[in-house]
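Please examine the sequence and the three-dimensional structure shown below.

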Amino acid sequence: MNEMTTIDRTQREYSDAVKKALARKPQLYINGEWVDSSGSATIDVEDPSNGKIVSSFCEATDKDVDRAVAAARAAFDDGRWRNLPPVVREKTLHKIADLIEAHADELAELEAIDVGKPKGMANVVDVPGAANHFRYMAGWAGKINGDTLPPYSMPGNMMFAYTLKEPVGVCAQIVPWNFPLLMACLKIAPALAAGCTTVLKPAEQTSLTALRLADLIHEAGVPAGVVNIITGYGHTVGDRMVKHPDVDKVAFTGSTEIGKLINRNATEHLKKVTLELGGKSPVVVMPDVDVAETAPGVAGAIFFNSGQVCVAGSRLYAHKSVFDKVVEGMAATADFWAPRPSLDPAAHMGPLVSKEQHERVLGYIEAGKRDGASVLMGGDAPAADGGYYVNPTILTDVNPQMSVVREEIFGPVVVAQRFEDLDEVVKEANDTPYGLAAGVWTKDASAAVRIAGQLKAGTVWVNCHAMIDPALPFGGYKESGLGHEQGRLGLEAYLETKSVLMKL
């Protein structure tokens, strides 16, 4: 890995639209209006490419949470959204998607400044994905229906039975910092399609695009109180939202540790809960692969978004006959994945999101070295003036008991291991408390189907990785989550089923 002391780590000039967004007064979006917090505390926004403070937003109080939930409750109870004709909800969701696309470059730049991801990647992945989730769920708004069911134990000419699908109510939605805009849209879109109202809290590290999204939701004509966006810390604002008695459903994406806490707290009022949590995804490379094609794909599985992806392919299992060539091919991508400032047009990988995450990832790498792992590539931070950069890292000579193998690092670090026996590697791949995703690389379709069926993961990719589509349900096995998002199952998470039985 080349040291990058010659690269200018300062960001390029921000666009006028982004300067305006960064300079906005810290406020909360409650009941269709921008309002001041009842407290005076704010949270700084740091650009991880250079470590500079570029903006701030409100640290909401308990009173602010109560205001937001009350607005969502009133909007749900009086039916101002759920009782609209489905075609109106559908058109409104399409309008939000239109506005996201119209402001794509601004949103991508905000995401780059806030998260540290390359703006080019945000323009290709995050912003189109955000719009697509609204478009996909818009189509469901007019297709929510129950069933007519013939009674099983009663005469059919005496009884008429049917089911209704109804919105679950007020939702508390908490999203993570790695894909802030995309995750916000992924949660808000199905809630609106179903007729729910919501209070959304973005991560305290990355709230810029959620606040800008509130402007677009307002412009699209969503009635007051239907969507409320408040900012603050998870242990205060998020906790209050989860425990609030007027919240009917909680949707959370984040770490398994926090997900377990949220699940416990939500049970006090038996709220419905959807959790998309951590992962330590295995990638199995079979001996028949074309290494020249596979190695860059496997590298992208871990280095995309600086490895800050819940489904990152962080555990590589390559057959012993191709192992050396695969890891050499991954190492050959080092220049492509060399970390750069997020607004650098040449960037494919940016800095980590924060100093805390930077220290966490480097700490894991050092722990791996102490435990006996060898560094094939990277393993350090490039020399730079400011910014939270870590070089893409490949660790070999690892064993299943090392922390770098068992725990989610959430950085550009892959642990590479050889295998010989297929049944044994499947067993090792499944030896984890996580079960979010997995990957298989092979030319043998039969082998791919067999391995996919044996891996304990909610999503299995074959000859690709991290390909997410709004139509496909996404959820985890074991400690990687509860329930599903996306697809019809993602919509169903925001619906209640009511049975009606009528004597004729």
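The largest cavity contains about 110 Å³ of space. A cavity is a set of points, on a 1 Å grid over the protein atoms alone, where a 1.4 Å probe fits but cannot get out. Grid points are joined across faces, edges and corners, and a volume is the space filled by probe spheres set on the points. The model is predicted, so local features need pLDDT of at least 70 and side-chain atom pairs count only at pLDDT 80 or more, whereas totals for chains, interfaces and linings use all residues. Residues are numbered from 1 along each chain as its sequence is written, and side-chain values use heavy atoms, with hydrogens and water left out.

In total, the structure holds six cavities of 30 Å³ or more. The lining of the largest cavity is made of 13 residues, and Ala21, Arg24, Ser56, Leu208 and Leu211 lie nearest its centre; a lining residue has an atom within 4 Å of a point. Strand 4 (52–58) and helix 7 each supply at least two residues of this lining. Helices (H or I, at least four residues) and strands (E, at least two) are DSSP runs, numbered from the N terminus. By class, the lining of the largest cavity has seven nonpolar, three polar and three charged residues. Here Ala, Val, Leu, Ile, Met, Phe, Trp, Tyr, Cys and Pro count as nonpolar, Asp, Glu, Lys and Arg as charged, and the others, Gly among them, as polar.

Arg24, which lies among the residues nearest the centre of the largest cavity, also belongs to a network of salt bridges with Glu106, Arg212 and Asp215. A salt bridge is a side-chain nitrogen of Lys or Arg within 4 Å of a carboxyl oxygen of Asp or Glu. The structure holds 30 salt bridges. One of them joins Arg212 to Glu106, with the closest N and O atoms 2.6 Å apart. Arg212 lies in helix 7 (residues 208–219) and Glu106 in helix 4 (residues 104–115), so the pair ties together parts that are 106 residues apart in sequence. Arg212 counts as buried at 15% relative accessibility, and Glu106 is buried with a relative accessible area of 10%. Buried means under 20% relative accessible area, exposed over 50%, and partly exposed in between (1.4 Å probe, protein chains only).

Lys201 pairs with Glu204, their closest N and O atoms being 3.4 Å apart. Lys201 counts as buried at 1% relative accessibility, whereas Glu204 is partly exposed at 22%. Arg406 pairs with Asp431 at 3.6 Å between the closest N and O atoms. This pair links distant parts of the chain, 25 residues apart: Arg406 is in helix 13 (residues 403–406), and Asp431 is in the loop between helix 14 (422–430) and strand 16 (434–435). Arg406 is partly exposed at 26% relative accessibility, and Asp431 is partly exposed at 41%.

The open spaces come next. A pocket is an open set of grid points with protein on both sides within 12 Å along at least five of seven lines.

| Pocket | Volume | Lining residues | Lining by class |
|---|---|---|---|
| Largest pocket | about 1,100 Å³ | 41 residues | 17 nonpolar, 13 polar and 11 charged residues |
| Second largest pocket | about 790 Å³ | 34 residues | 22 nonpolar, nine polar and three charged residues |

Which residues lie nearest the centre of the largest pocket? They are Trp177, Phe252, Gly254, Ser255 and Ile258. Helix 9 gives the most to the lining of the largest pocket, with seven residues. In the second largest pocket, Val125, Phe179, Phe304, Ala466 and Ile468 lie nearest the centre. Helix 5 gives the most to the lining of the second largest pocket, with six residues.

The last topic is the nonpolar core, a set of buried Ala, Val, Leu, Ile, Met, Phe, Trp, Tyr and Cys residues joined through side-chain atoms within 4.5 Å. The largest nonpolar core has 97 residues, and those with the most contacts inside it include Leu192 and Phe134. Helix 6 provides the largest share of this core, 11 residues. Leaving aside neighbours within four places in sequence, Leu192 is in contact (heavy atoms within 4.5 Å) with Trp81, Arg89, Leu93, Ile96, Phe134, Val226 and Val227. Another core, of 27 residues, lies apart from the largest one, and among its residues are Cys58, Ala60, Ala71 and Leu275.
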